[in-house]
Each structure stands twice: as C-alpha cells, then as structure tokens.
Amino acid sequence: VTPRRATGALLGVLVLLLLPGVRRRLLRLSDTQVHRVVHDGAHDGAHDGVHDGAHGRAPR
Amino acid sequence: VREEDRVTDTVLGAPAARPARRSSARGPGRQDWSTWPAYDAAVTGFRGYWYPVTWGSHVSGTPTAVTLCGDKIVLVRDAGTVHALHDRCPHRGIPLSLGDQQFPGTLSCAYHGWTFGLADGQLKAVITDGPDSPICGKVSVQVYPVEERLGLVWVYVPIADEAAPPIDAQLPEELVEHDFVLGGRIDDRRGNWRFAVENGYDEGHAKYLHRTSLWRLFKTMPTWNVTRIVPQGRWIYRVQDEVHWTADYPGLGTWTNYRWWKKRPPEQTFNLGNTGAATKVDPVIEAQQFPGFASLSVPGVLRIAYPKFIHYEFYVPVDAGSHRYVGVMVNFTGGLGALRFAAKYLGGIRWLFHGGFSAQDAWMVEATDAPPERLYRPDSSLLAWRRLCEDTADARTAAATDAPGGGPA
C-alpha cells in the first residue's frame, strides 16, 4: 500500500460518507441525534426551543 | 408491602421478612404474575401515557407508520405540526400510511382517495365519489394527541377518549425547566417491553453482564451490593447501602472485576453512578438530591444519574413481542460545553454506551422467558417496580372513577 493509495482510499470513504443515503444505511446515523434544548422564560408547555444540531433546523 | 412481594429485607423500606416463595405442584418460584394483575395484563403497555415514538426530524409530509401499545398509527407533519391518526382506512382497512397528502391538512388513502382531516380525523372528501359524496362527515378515524419534546415526537395513547394530560407532568422533572444538550439513540428491539424495563432497573445485572463492555473498559464494576428501594413522588429509587468490589465465594475462590488497567474505585459507598464517587457533581444534578442513582417511573422511564450527566431509557411498547428503545443522555450545559458533548456523543458514546453496552441489554431482553421465574435477593428492585405499577394503576382507576368526566389522573 503506497501513501498515495491510502490517501485516495481515505478520501473515497470520506466522500461516500458525505452522501446522506450511505451515512444512513451504513452507519445508521439517523437513529442517533444530538439536540440542544433551551427553555425560555415564557415556556408555556406548548413547545420547546429545540435546536436540531444534526439537521441544522431552526429552533421551533 | 404485601407479603408476597418480600424477597429481601429492603423492599420499600420494609422490615426484615422471610423470603417469600410461591410454591406449587408445578415447581418452586413464581409460576405467573397474578400477584400484579394490572402489570400482568399490560402485555402491550399501559395506556393513558405519552410515549416517544421517533425523532421529530423523521416525520415529514410523507406518512410514517408506527406501532404503539399495539395500535397502528400514522404520523404526518403538516404546516410544521405533527399529527397522528389511526393507521387504517375505515373503507377497506388499507393502512393510511400507504397514502399521501392531496390537500393541505389532510391525508388521502392510497386505494380510493378517502381523505381525512389531520386535526380531527373526519372524512372530508372521497376523491373517487365526487365533491358531493354523501358519506363525508359520517366517517372518521381516531386521532392521537401529539407533542414534540427533546427533539422527539411523543404520542398519547388514550385509555378511552379522555383528554391527554400535560406532557410536562410525565417528563422527568429536571428536563422541563433546565437547558441542556442531549444525545439519543432509537432502536427497535425484540422482547416484551416489561422485560426491557425490568432489565434496566435490575440491580444485579449491570455489574456482571456489562463488565465486558468497552464502555466499562477502564471502570471497575462492583461485585455485589446491598441496596434498598426508596419511593419518592412518582419514582422509585435504588439506594446503595454497601458496595463490594471483591468477594470470596466458599469453596470456589475470589471474584472481582479489578484489573490492572482499570481505575480503582473509592472505598466509600456512593449514590451517583456505579463505578466510583465523583469529586465534582453537576450543579443541576446535585440540586435534584436524588436518593439513589437509579430510578424508575411508570410507564417505563429509567433514569440513571451520574455525576456529570443523566442517562434515560424510555421503553416504548410496540406489541407483545417487541419494543422501541429510546436512550437519551443529557448534559446540563451550553455553549462550548454543548459542542464538546456533541462531539463526544457522536464520536464515541453512541457506539460504546447506546450501542455496545446497550446491545448487551437487548441480547438479554430478547432471550428472557418469564414467568415462571425464581427470583433472588437483588430482584427486590423488580418487585418494587411491579408494585409501583399496581399502585399507580389503582390510583388512576380511583381518580378516573372520582372524576366527573373520567380519565387518567
């Protein structure tokens, strides 16, 4: 294994992991998520301010 | 505490009692769970509770089918709000989850275009019967209350047609008011939900079953403990009175989880975490003043408090033979601390803890075959859980009977 081939293989794996479908099927990443939960002072029980860090969604 | 619940001197603070044993002609031990009729009957879970069913980001305008407490349910997100309907078209029994949205605020069956309102479940239109279909307004499907909390979609499974109680009253108290970052994993698993709960709260298994997990590679697990169960509010807590790291078994030899590469635990007994006392405890966790590090509440919420984080397990009943594991680790921090936690969770914890460690539990839950069962001293934790279920069911029945409109407490 030459350094060039090893680097190429590593880059290839990284590119594959950029594809959402590959990530989901191979690593089951969608089953695990990280969320930041912030309760503001006016929390009325209707909803949380959930920052979905894994999907980049705006706080609800 | 009923006499038949006593297998140790520490169940719910009861005085020393002779170990109970239900013998019969069929053999020693318990042959059934008739001692706990409500628990025994809850094969597909307790109704009248909120359950986390999936991540909020997994629910979109495309219908998602889930099974909860034996009920087939379809989830749809419309204008940002998640709705839950019984997943069965009354026409010919086709799952509505096979359909799609033809109009805003509705879901149409894939077969003949029966179109139901997401908010009330009423039949709004039948596409293949024209705009004046006489059946409209005469047919409906059941709708389920839905909330989004902790990044998860929660569905309330009613007992009858009662209004859902506030979800905040069912969430662990410390998660309602505080800010935090959480990492979680959802996993569909085989085995009845009650086996999963009992495994989670099982006092004896963690120190033995999990001693080989990579998550505990550098942490010594105890050999055996002396514990008691303390009820407080809607939770039961397991309090450690003695922690033994090594023991001599007569005629067999010494057994310990000590290894040269593992961190040596402190000598004193502690009640946060199960691998050693901490020098520093998170202020939010400290403020809760948990009597013990492992606690459990109905309908199957396990809380394991460590010095710097809390781990929760929600055991969601699917049907008689399977459940959904929702494991959540919470760190009461923000800013850079939240980023650090996210990196640790996504990079390691989800594999080591919510993956490998928890998979050992899944392995045992799937293989559990009880009753009949022959319980031993540490199983006082299981008996306390079953009694909690009975007491809670009794209280809810009494409250429903007293309430003018009925419904759960």
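**View 1. An open, antiparallel sheet of 4 strands in chain B of the predicted model.** The strands of this sheet follow the order β2-β3-β4-β8 (chain B), and its edges are formed by β2 (64–68) and β8 (143–144) of chain B, each of which pairs on one side only. Within the sheet, strand β3 (residues 71–78) of chain B and strand β4 (residues 81–86) of chain B are joined in the antiparallel sense over 6 bridges, and Arg77(B) stands opposite Val82(B) in β4(B).

**View 2. The surroundings of Leu75(B) and the largest nonpolar core.** This core holds 83 residues, and those touching the most other members are Phe46(B), Leu68(B), Leu75(B), Val155(B), Phe332(B) and Trp385(B). Helix α6 (residues 335–367) of chain B gives the most to the core, with 8 residues. Once neighbours within four places in sequence are set aside, the contacts of Leu75(B) include Val53(B), Val59(B), Val66(B), Val82(B), Ala84(B), Val153(B) and Val155(B), as well as Thr54(B), Pro63(B) and His83(B).

**View 3. Another nonpolar core, lying apart from the largest one.** This core consists of 14 residues, among them Val74(B), Leu107(B), Val126(B) and Val141(B). In soluble globular proteins, nonpolar side chains tend to be buried together.

**View 4. Ser297(B) in strand β16 (residues 294–297) of chain B.** Ser297(B) counts as buried because its relative accessible area is 1%, whereas the cut-off for burial is under 20%. Not counting residues up to four places away in sequence, Ser297(B) touches Arg234(B), Trp235(B), Trp385(B) and Leu388(B); of these, Trp385(B) is also listed among the residues that touch the most other members of the largest nonpolar core.

How values were computed:
Residues are numbered from 1 along each chain as its sequence is written. Chains are lettered from A and ligands numbered from 1 in the order in which they are written. This is a predicted model: local features need pLDDT of at least 70, side-chain atom pairs count only at pLDDT 80 or more; totals for chains, interfaces and linings use all residues. Side-chain values use heavy atoms; hydrogens and water are left out. A nonpolar core is a set of buried Ala, Val, Leu, Ile, Met, Phe, Trp, Tyr and Cys residues joined through side-chain atoms within 4.5 Å. Buried means under 20% relative accessible area, exposed over 50%, partly exposed in between (1.4 Å probe, protein chains only). Helices (H or I, at least four residues) and strands (E, at least two) are DSSP runs, numbered from the N terminus. Contact means heavy atoms within 4.5 Å. Two strands pair if DSSP finds at least two bridges between them.
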